[in-house]
Amino acid sequence: MSLNSIFQFLVPKDKKFFPLFEQAAVNLTLLAETLHEAVNAPKNEREDYYKKIEELEANIEEITHKTHLELSRNFITPFDREDIHALIKAIDDVADYMHGGASRMRLYQVEKITKSIRKLTEINLEACQLISGAIQDLKGMNNLKSITDACKRINKLESKADNVFDKAVADIFENETDAKNIIKYKEVLSSLETATDKCKGVANVLESIVVKHS
């Protein structure tokens, strides 16, 4: 029997942490979907999407808080305590920056949504869907290759987002003459690109867990 099999046998079935991870991942994917829908909606319909994004981000904050409480109450955990903390924090960070992008579009009254903004929300949505799938596979610890493959795809998406961001910022400085608009668009793009960086942060934590239990 391998060490991993022994580990799975000895550790009790988790009824607290994995449900919290799954809830966080579901809310994260919904947030990414809502944001992508918002930037593809007419400007007079975006407010409802922005409100939903606020609610979803608040849900994830509450799940993060519950996870920290469970860590303080439980001695036995399904994997290392620091990895549990790192994973839920990384998911929360993704939500924070996607919410930040939406908040800036809302507060700065960004009316014209550029192709680059749409592309970044599309990339974030794909990355969050991969995170959600990897979290599902993490529960059983029996499909580690699938988690690793998802992490590789997230890393590629992060590189893709970097390229979209760099080209978008260059385009803004070249073609936009209004200084206020330059600031508005750059801040929105920066938040969305950072959200993809944070998706890579989730992937890094997942890869660390896989290495420890493979």
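The model is predicted: local features require a pLDDT of at least 70 and side-chain atom pairs count only at pLDDT 80 or more, whereas totals for chains, interfaces and linings use all residues. Residues are numbered from 1 along each chain as its sequence is written, and side-chain values use heavy atoms, with hydrogens and water left out. The secondary structure of the protein chain comprises seven helices and zero strands. Helices (H or I, at least four residues) and strands (E, at least two) are taken as DSSP runs and numbered from the N terminus.

**Overall fold**

- Read from the N terminus, the order of elements in the protein chain is α-α-α-α-α-α-α.
- Along the principal axes, the C-alpha atoms of the protein chain fill a box of roughly 65 × 30 × 25 Å.
- Of the 214 residues in the protein chain, 48% are buried. Buried denotes a relative accessible area under 20%, exposed one over 50%, and partly exposed the range in between (1.4 Å probe, protein chains only).

**Helix α2**

- Helix α2 covers residues 17-39, and 17 of its 23 residues are buried, so that the helix is mostly covered.
- At 1.5 Å a residue, α2 should span 33 Å, and the C-alpha atoms at its ends are 33 Å apart, which agrees. The expected span of a helix is 1.5 Å times one less than its number of residues.

**Aromatic cluster**

- Three aromatic pairs are found in a search of the whole structure. Rings of Phe, Tyr and Trp (its six-membered ring) pair if their centres lie within 6.5 Å; planes under 30 degrees apart count as stacked, over 60 as edge-to-face and the rest as tilted.
- The pair of phenylalanine 18 and phenylalanine 21 is edge-to-face, because the ring centres are 6.1 Å apart and the planes lie at 70°.
- Phenylalanine 18 and phenylalanine 21 are three residues apart in helix α2 and therefore separated by about one helical turn. Both of these residues are buried.
- Phenylalanine 18 also pairs with phenylalanine 79 in a tilted arrangement, at 5.9 Å centre to centre and 55° between the planes.
- This second pair links distant parts of the chain: phenylalanine 18 lies in helix α2 and phenylalanine 79 in the loop between α3 (46-73) and α4 (81-107), 61 residues apart. Phenylalanine 79 is buried, as is phenylalanine 18.
- Together, Phe18, Phe21 and Phe79 form one aromatic cluster.

**Largest pocket**

- The volume of the largest pocket is about 290 Å³. On a 1 Å grid over the protein atoms alone, a pocket is an open set of points where a 1.4 Å probe fits, with protein on both sides within 12 Å along at least five of seven lines; lining residues have an atom within 4 Å of a point. Grid points are joined across faces, edges and corners, and the volume is the space filled by probe spheres set on the points.
- Residues lining the largest pocket include Lys112, Thr114, Asp171, Asn175, Tyr185 and Leu189.
- The elements giving two or more residues to this lining are α6 (144-175) and α7 (179-212). Helix α6 gives the most, with five residues.
- The lining divides into four nonpolar, four polar and four charged residues. Ala, Val, Leu, Ile, Met, Phe, Trp, Tyr, Cys and Pro count as nonpolar, Asp, Glu, Lys and Arg as charged, and the others, Gly among them, as polar.

**Individual residues**

- Aspartate 93 is located in helix α4 and is buried, with a relative accessible area of 15%. Aspartate 93 and glycine 201 are 108 residues apart in sequence, with their C-alpha atoms 8.9 Å apart in space.
- Glutamine 109 lies in the loop between α4 and α5 (115-140) and is exposed, with a relative accessible area of 62%. Although not a glycine, glutamine 109 has a positive phi of about 55°. Most residues other than glycine have a negative phi.
- Valine 110 is also in the loop between α4 and α5, and counts as buried at 6% relative accessibility.
- Lysine 156, in helix α6, counts as exposed at 64% relative accessibility.
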